[in-house]
Amino acid sequence: MSETIAEYIVGALGGKLSAELIAFIVSLLPILELRGGLIAAKLMEIGFLKAFVICYVGNMLPIPFILLFIRKIFALLKKIPKVENLINKLEARSIRKADKVKKYRLWGLFFFVAIPLPGTGAWTGALAADLLDIRISHSLPVIAAGVLVAGLIISALSYGLFGLLGF
């Protein structure tokens with residue numbers, strides 16, 4: 001699914017924005033995050049190291065804001081009748097995902113973010129950390145490390161092991 005969405009965005013924005021900016025934008029988006037950004041970068045033939053840095057920064061940029069402000073944003077959004085149900089569903093989904101994290105706290109958060117499966121990643125990890133009241137000083141470095149590992153796994157798949165080693 002991430003690959004299809006990334007391909008669509010590359011097709012829609014290609015020629016209008018630089019390849020690097022497209023990869024950055026894709027990495028900012030929930031669901032796609034660094035994984036989608038790396039796929040987009042590979043499609044646009046951005047070199048591995050440049051792509052990795054761009055996508056990592058793009059994925060991590062919104063995370064401190066999510067950790068700091070998501071509860072306030074959700075509280076405001078819940079005041080909008082048609083949006084309230086969506087926010088409640090998102091919170092319920094995140095709480096279900098957070099159960100996987102709850103047992104092992106920081107290690108659970110790390111593996112939740114690091115293992116690139118659908119429905120996992122920095123955005124959901126940040127929301128889970130906030131719902132579990134994990135302090136930002138603890139959750140942010142763990143999420144950053146998880147994104148790094150997820151990025152290496154996706155890079156190995158997208159760029160190939162030899163591409164990562166510069167061959």
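I looked up glutamate 91 first: buried or exposed? Glutamate 91 counts as buried, because its relative accessibility is 17%; my cut-offs are under 20% relative accessible area for buried, over 50% for exposed and partly exposed in between, with a 1.4 Å probe and protein chains only. This is a predicted model, so I keep its rules in view: local features need pLDDT of at least 70, side-chain atom pairs count only at pLDDT 80 or more, and totals for chains, interfaces and linings use all residues. Residues are numbered from 1 along each chain as its sequence is written, and side-chain values use heavy atoms, with hydrogens and water left out.

Salt bridges. I searched the whole structure and got four salt bridges (a side-chain nitrogen of Lys or Arg within 4 Å of a carboxyl oxygen of Asp or Glu). Glutamate 91 is in one with lysine 78, where the closest N and O atoms are 2.7 Å apart. Lysine 78 sits in the loop between H5 and H6 and glutamate 91 in helix H6, so this pair ties together parts 13 residues apart in sequence. (Helices are DSSP runs of H or I, at least four residues, numbered from the N terminus.) Lysine 78 is partly exposed, with a relative accessible area of 28%.

Next I checked arginine 71, which forms a salt bridge with aspartate 130, closest N and O atoms 2.7 Å apart. That pair links distant parts of the chain, arginine 71 in helix H5 and aspartate 130 in helix H8, 59 residues apart. Arginine 71 is partly exposed at 42%, whereas aspartate 130 is buried at 12%. I also noted a network of salt bridges that links Arg71, Asp130 and Asp133.

Then lysine 50 and glutamate 20: their side chains meet at 3.0 Å, N to O. Lysine 50 is in helix H4 and glutamate 20 in helix H2 (residues 19-28), 30 residues apart.

Aromatic rings. How many aromatic pairs does a search of the whole structure find? I got five (rings of Phe, Tyr and Trp, the last by its six-membered ring, with centres within 6.5 Å; planes under 30 degrees apart are stacked, over 60 edge-to-face, the rest tilted). Phenylalanine 48 and phenylalanine 52 make a tilted pair, 5.7 Å centre to centre with 50° between the planes. Both lie in helix H4 (residues 48-60), four residues apart, about one turn of the helix. Both phenylalanine 48 and phenylalanine 52 are buried. Phenylalanine 110 and phenylalanine 111 pair edge-to-face, at 5.1 Å and 70°. I have Phe48, Phe52 and Tyr56 down as one aromatic cluster.

Surface. I found a nonpolar patch of about 540 Å² made by Leu61, Phe65, Leu68, Phe69, Ile73 and Ile136. (Patch residues have over 30% relative accessible area and no salt bridge; like charges are joined within 9 Å, nonpolar side chains, Val, Leu, Ile, Met, Phe, Trp and Tyr, within 5 Å; areas are Shrake-Rupley with a 1.4 Å probe, and for residues only the protein chains shown count as cover.) Helix H5 (residues 63-77) gives the largest share, four residues.

The largest pocket holds about 550 Å³. (On a 1 Å grid over the protein atoms alone, a cavity is a set of points where a 1.4 Å probe fits but cannot get out; a pocket is an open set with protein on both sides within 12 Å along at least five of seven lines; lining residues have an atom within 4 Å of a point. Points are joined across faces, edges and corners, and a volume is the space filled by probe spheres set on them.) Of its 25 lining residues, the closest to the centre of the largest pocket are Pro30, Ile31, Glu33, Gly119 and Thr120. The largest cavity comes to about 60 Å³, and its lining includes Glu33, Asn59 and Ala150.

Notes: Helix = DSSP H or I, 4+ residues; strand = E, 2+ residues; numbered from the N terminus.
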